[in-house]
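My notes follow in the order I made them.

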Amino acid sequence: MIGRYTLAEMGRVWSEAHKYELWCRVEVLVMEAHAAAGRIPADSIEPVRAAPAPTPEAVAEVEAVTQHDVIAFLTAWADRTEPRSAAAYVHFGMTSSDLLDTALALQLVESTDLLLARADILVAALRDLGLAHRNTLRVGRTHGIHGEPTVFGHRVADLAFGLARCRDRLRAARADVAVAKISGAVGTYSNIDPDVEAYVADKLGLTAAPVATQVVLRDGIASWVAALAGLATVCEAVALEVRHGQRTEVRELSEPFGSGQKGSSAMPHKKNPIMSERIAGLARIVRAQYVPVLEGVPLWHERDISHSSTERIALPDAATGVDYLLHLTTRLVTGLVVDTARMRANLDATGGLVYTSAVLLELVETGLSREDAYAVTQAAAMETWQTGVPFWETLRKHAGDRGLPLDEARLNEVSRPERYTERLGSVFDALAALT
């Protein structure tokens, strides 16, 4: 992910320098387990532990010759070990993927914890926005067309619960990726005892893989990326709501617009939904990582490295992208400008057409068949669409033409916009309890 969309903490997790720090940590723990079992000299551990992690530049210099990143790392680290002879016991009995998969699990866990913290903040922001607008009347739309009255808080609640579900899926996926693998060349523990794996897993807060070949099967990592894609997509759903609401013809919502901010180089009046559009674009990038990672599940026996190049790009990009998306969407939600008066004006803009559902049911209750009631209501509504004459006037006309009496007091009662939302109390009670 480019620096423009990389926040500092997540950038550090996926930095080359931090990766090598984790590699050193894993290797030292393996040595500790070996030493405890008497397999390697105990006095070899401290010189290795004291050796600074090799710099990315030093590893890259060796890798230019070896064309193997783990060997380059081991060589560059050995060069910093005093005495260098202690480094002979580093990587003892291991294969490269023992190191790679276990350290990657740590990066995935660290990333997940950062993301879960940001997701909690966004869930709370959406919850609070929804509760603040539990009584803000607004037209509900289907297919982009006015449907029935609703409240803005209802839509926000939908997004809050959606984001919370995606967050919880990520929490579950954390366990899928928190897996240590220290079982040797094809996963048979041929040159390393299973107690080493158990020790390393325990010290790192991971779970020992129940089975692995040379690598841990990638289904867990794929599930993790899928959870990130879900979070990104709900962020986009929030952004899409704002983008639609900020259109000039709608003008119900708008992004925060700071002092000195400019909307267009050519049109000084413009206030564009740039945050929401950036969210939409980055969500595509995150979603695009899922299929390539999923395709890393089937590998040639016992393992090839076709997944490796994919994961070097896809995993940090997905994590860094979602980190930025959660941050930006929180800014959007907490700074959102809600025009309640405009929402009410739009609700009333169609001259009462948003109450046809209540009218239909009332006519049925007077004894009309549903077909006849629908025909009268629709005929009146179509005339209102075409002429702009308020719906109540066209309804009286079409009902009169058919000799149908109207209980206008009753129709006025069922057509109050507040009546459409009076049963949402349980939704907002649940929203208030959302954490």
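**Cysteines**

I began with C24, which is buried at a relative accessible area of 8%. The model is a predicted one, and I read it as such. I then looked for disulfides and found zero in the structure. C235 is in no disulfide. The nearest cysteine sulfur to C235 belongs to C166, and it is 8.8 Å away. A disulfide needs the two sulfur atoms within 2.5 Å, so I set that pair aside. Is C235 buried or exposed? C235 counts as buried because its relative accessibility is 1%, and the cut-off for buried is under 20%.

T329 sits in helix α12, which covers residues 306–334. I noted 0% relative accessibility for T329, so this residue counts as buried. What does the side chain of T329 reach? It reaches the backbone oxygen of L325, at 2.7 Å. I then listed the contacts of T329, leaving aside neighbours within four places in sequence. They are L122, C235, V238 and I279.

**Nonpolar cores**

Next I looked up the cores. The largest nonpolar core has 73 residues. Which of its residues touch the most other members? They are W224 and L315. Helix α9, residues 219–246, gives this core its largest share, 13 residues. L315 is in contact with W14, L104, L108, I221, W224, V225 and V293. There is a second, separate core of 42 residues. Among its members are V48, L74, A78 and A105. As background, nonpolar side chains in soluble globular proteins tend to be buried together.

**Helix α5**

L74 and A78 sent me to α5. How many of the ten residues of α5 are buried? Eight are, and I noted the helix as mostly covered. The buried residues are D69, V70, A72, F73, L74, A76, W77 and A78. I checked what they pack against. The partners are α2 (16–36), α3 (45–50), α4 (56–66), α6 and α12.

**Cis peptide bonds**

I then checked the backbone. As a reminder to myself, most peptide bonds are trans, and most residues other than glycine have a negative phi. E82 and P83 are joined by a cis peptide bond, with omega about -5°. P83 is in the loop between α5 (69–78) and α6 (96–132). I found a cis bond from H301 to E302 as well, with omega near -10°. Where is E302? E302 lies in the loop between α11 (290–294) and α12.

**Positive phi**

I logged H143 for its phi, which is positive at about 60° although H143 is not a glycine. H143 is in the loop between β1 (137–142) and β2 (145–151). With 80% relative accessibility, H143 counts as exposed. R251 is not a glycine, and its phi is positive at about 55°. R251 is in the loop between α9 and β5 (253–254). Its relative accessibility is 43%, so R251 counts as partly exposed.

I looked at the secondary structure over residues 351–432. The chain there is 66% helix and 0% strand. The end C-alpha atoms of this stretch are 34 Å apart.

My last stop was E383. E383 is in helix α15, residues 370–387. At 18% relative accessibility, E383 counts as buried, because the cut-off is under 20%. Which residues does E383 touch, not counting those up to four places away in sequence? It touches G388, T394, K397 and H398. E383 and H398 are 15 residues apart in sequence. In space, I noted 9.7 Å from C-alpha to C-alpha for E383 and H398.

Conventions
Residues numbered from 1 in each chain as written. Predicted model: local features only at pLDDT ≥ 70, side-chain atom pairs only at ≥ 80, totals over all residues. Heavy atoms only, no water. Helix = DSSP H or I, 4+ residues; strand = E, 2+ residues; numbered from the N terminus. Buried < 20%, exposed > 50% of the residue type's maximum accessible area, 1.4 Å probe, protein only. Polar contact = N/O pair within 3.5 Å; in protein donor to acceptor, adjacent residues only side chain to side chain. Contact = heavy atoms within 4.5 Å. Core = buried A, V, L, I, M, F, W, Y, C linked by side-chain atoms within 4.5 Å.
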